Amino acid sequence: MEWQEEWRSHSLEYSLKLAGENLQLTVDETAHEIAGDLIGQVHNHPKFEVHVMLEGSCEIDVDGNSFTLRAGQAAVIAPGQYHRVISAGEGCRRLVVNLIAPEGGVRRALVASVEQQNVFDLTGGMLELCRGILDESRERPPFCRELMRLRLAELGILLLRLLNLREDVPAVEGSLRPISIIDNYFEHQMGQNPSADDLASKLNLSRRQLNRILKATYGMGFREKLLRNRMDQAKWLLRHTDKTVSAIAIEVGYAYDSAFREAFRREFAMTPQEYRLKHAKEQEELK
């Protein structure tokens, strides 16, 4: 039958719009049971991952903090957060929901909400809806596609409510300020011994909160972000100025040019001088 053919995929998807931004809700129906080979595997994602516990319980570790997730609760894991299932009780059954949000106000508001807490208590109606989604996706009777679209739409709205988001996405403008401060800090503090503690203090955040924002926004931690900025600025200086490698090393925050040369070689598989010559040759060939 036609409805059987269109359900060959194990992933159910629905798109919704909030504050002018498109969000994608995806349900992986194959992840309802926690397989033994998944326990202990540390990983992260560029998306929000929601674990809705339908039956039983499991122990989860998120960024080094462990907790027990019980039936009737949901754990929301933000992009970039490292997590793993430590153990699962017998009869553990869950619904895994992925929420993909583009860079923007809604994503930042979601990250801010998850920073406050990872575990949420579900209402009876939301729990029944999640059970219905899982059961319907496994049965796949006629008209299943139309019904699932309606249920996923409802789930998306209830999930955003659970995370305390409104249609107008409160404090979106304010959430831009930390990103602006972070970008400015990395741009202007490279030669002045920048540190995660100093940046966190400027933002009135803990190191853990700062790390979450960095990973959610840039996909990397403080050290990686610092190295990326240093290398990007070094490449620009090598391409557009006649400054010596030693002078560039100091400008981008290295006390010794030998350390700068080694970091550059590890990053680009060539020395700074080789990079400068390569760029000059490419520019000459374009003339």
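These questions and answers cover helix packing and aromatic pairs in a predicted model.

Residues are numbered from 1 along each chain as its sequence is written, and side-chain values use heavy atoms, without hydrogens or water. Because the model is predicted, local features need pLDDT of at least 70 and side-chain atom pairs count only at pLDDT 80 or more, while totals for chains, interfaces and linings use all residues.

Reader: Are α2 and α7 roughly parallel or roughly antiparallel?
Author: Helices are DSSP runs (H or I, at least four residues), numbered from the N terminus. Axes are lines fitted to C-alpha atoms over the stretch in contact, with angles from 0 to 180 degrees between N-to-C directions. The axes of α2 (residues 105-116) and α7 (residues 207-218) come within 11 Å and cross at roughly 150 degrees. Angles under 35 degrees count as roughly parallel, over 145 as roughly antiparallel, 65 to 115 as roughly perpendicular and the rest as oblique, so α2 and α7 are roughly antiparallel.

Reader: Which residues of α7 does α2 meet?
Author: Contact means heavy atoms within 4.5 Å. From α2 come Arg107, Val111, Val114 and Glu115. Their partners in α7 are Gln209, Arg212, Ile213 and Ala216.

Reader: How are the planes of Phe186 and Phe222 arranged?
Author: Rings of Phe, Tyr and Trp (its six-membered ring) pair if their centres lie within 6.5 Å; planes under 30 degrees apart count as stacked, over 60 as edge-to-face and the rest as tilted. Phe186 sits in α5 (residues 172-188) and Phe222 in α8 (residues 222-240), 36 residues apart. Their centres are 5.2 Å apart, with 40 degrees between the planes. The pair is tilted.

Reader: Are Phe264 and Tyr275 buried or exposed?
Author: These two rings form an edge-to-face pair, 5.7 Å centre to centre and 70 degrees between the planes. Phe264 lies in α10 (residues 257-268) and Tyr275 in α11 (residues 272-286), so the pair ties together parts eleven residues apart in sequence. Buried means under 20% relative accessible area, exposed over 50%, partly exposed in between (1.4 Å probe, protein chains only). Both Phe264 and Tyr275 are buried.

Reader: How are α8 and α10 oriented?
Author: The axes of α8 and α10 come within 11 Å. They cross at roughly 95 degrees. That makes the two helices roughly perpendicular.

Reader: How many nonpolar residues are in the contact of α8 with α10?
Author: Ala, Val, Leu, Ile, Met, Phe, Trp, Tyr, Cys and Pro count as nonpolar, Asp, Glu, Lys and Arg as charged, and the others, Gly among them, as polar. Leu227, Met231, Ala234, Lys235 and Leu238 in α8 meet Phe260, Ala263, Phe264, Glu267 and Phe268 in α10. No polar and two charged residues take part; the nonpolar count is eight.
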